[in-house]
Amino acid sequence: MKVGDRLPETTLYEFIDVATEGCSLGPNAVNSAAAAQGKKIALFALPGAYTPACSAQHLPGYIQAFDDFKAAGVDEIWCLSVNDAFVMGAWGRDQSAAGKVRMLADGSADFARAADLVLDLSAKGLGVRSQRYSAYVVDGEVRLLNLEGGGGYAVSDAATLLAQIRAL
């Protein structure tokens, strides 16, 4: 995935705690391309739920900046990880993400593979994961992409993406 590309069309899963019109309790399938249509999305992906940097910095930064992203015209914030919907739902509850960040599970790494943003952590017992990155997606098109190098956490944070969106 690079700037100018369309989001890959895969099925992600979102755990819903409270049934709403069109969304039943439990894991719900989300077509990534269809869900992005007509929206401005701050998307960030990370190697795994409950991991130290992801839980202490990455996800909390986006939750805390929710109002700022909304003020900048962002419709939704998506968090993607190669975990199942139950884990993503539980992590979202633990982090108080409800109503601020959509916790989207890429359980089989289909999105990460289609985006060519796979991180193989098999040597550490973690299997295939997603690289850490952030992106700004407008109507399904990637407008900004901040890819972390070497497992770092320097450019995919909420403050960096927000500043870039504001500068557009």
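**Figure 1. The salt bridge between lysine 39 and glutamate 76 in the predicted model.** In this predicted model, lysine 39 and glutamate 76 form a salt bridge in which the closest N and O atoms are 3.1 Å apart. The pair links distant parts of the chain, 37 residues apart, with lysine 39 placed in the loop between α1 (32–36) and β3 (40–46) and glutamate 76 in strand β4 (residues 76–81). Lysine 39 counts as partly exposed because its relative accessibility is 24%, whereas glutamate 76, at 19% relative accessibility, counts as buried.

**Figure 2. The salt bridge between glutamate 76 and arginine 102.** The side chains of glutamate 76 and arginine 102 also meet in a salt bridge, with an N to O distance of 3.2 Å. This pair again links distant parts of the chain, since glutamate 76 belongs to strand β4 and arginine 102 to strand β5, 26 residues apart.

**Figure 3. The salt bridge between glutamate 14 and arginine 102.** Glutamate 14 forms a salt bridge with arginine 102, and the closest N and O atoms of the two residues are 2.7 Å apart. Glutamate 14 lies in strand β1 (residues 11–16) and arginine 102 in strand β5 (residues 102–105), so this pair ties together parts that are 88 residues apart in sequence. Glutamate 14 has a relative accessibility of 11% and therefore counts as buried, and arginine 102, at 19%, likewise counts as buried.

**Figure 4. The salt-bridge network of Glu14, Lys39, Glu76 and Arg102.** Salt bridges link Glu14, Lys39, Glu76 and Arg102 in a network. A search of the whole structure finds 6 salt bridges. As a general point, side chains of opposite charge can pair when their charged atoms come close.

**Figure 5. The largest pocket and its lining.** The largest pocket has a volume of about 440 Å³, and of the 22 residues that line this pocket, Glu14, Ala98, Gly99, Val101 and Arg102 are the closest to its centre. At least two lining residues are supplied by each of β1, α3 (66–71), β4, α4 (85–95) and β5, and the largest share, 4 residues, comes from α4. By residue class, the lining of the largest pocket divides into 11 nonpolar, 3 polar and 8 charged residues.

**Figure 6. The second largest pocket and its lining.** The second largest pocket holds about 300 Å³ of space. Its lining is made up of 16 residues, of which Pro47, Leu119, Leu121, Arg132 and Gly151 lie nearest the centre of the pocket. The residues of this lining divide into 6 nonpolar, 6 polar and 4 charged.

Technical notes:
Residues are numbered from 1 along each chain as its sequence is written. This is a predicted model: local features need pLDDT of at least 70, side-chain atom pairs count only at pLDDT 80 or more; totals for chains, interfaces and linings use all residues. Side-chain values use heavy atoms; hydrogens and water are left out. A salt bridge is a side-chain nitrogen of Lys or Arg within 4 Å of a carboxyl oxygen of Asp or Glu. Buried means under 20% relative accessible area, exposed over 50%, partly exposed in between (1.4 Å probe, protein chains only). On a 1 Å grid over the protein atoms alone, a cavity is a set of points where a 1.4 Å probe fits but cannot get out, and a pocket is an open set with protein on both sides within 12 Å along at least five of seven lines; lining residues have an atom within 4 Å of a point. Grid points are joined across faces, edges and corners, and a volume is the space filled by probe spheres set on the points. Ala, Val, Leu, Ile, Met, Phe, Trp, Tyr, Cys and Pro count as nonpolar, Asp, Glu, Lys and Arg as charged, and the others, Gly among them, as polar.
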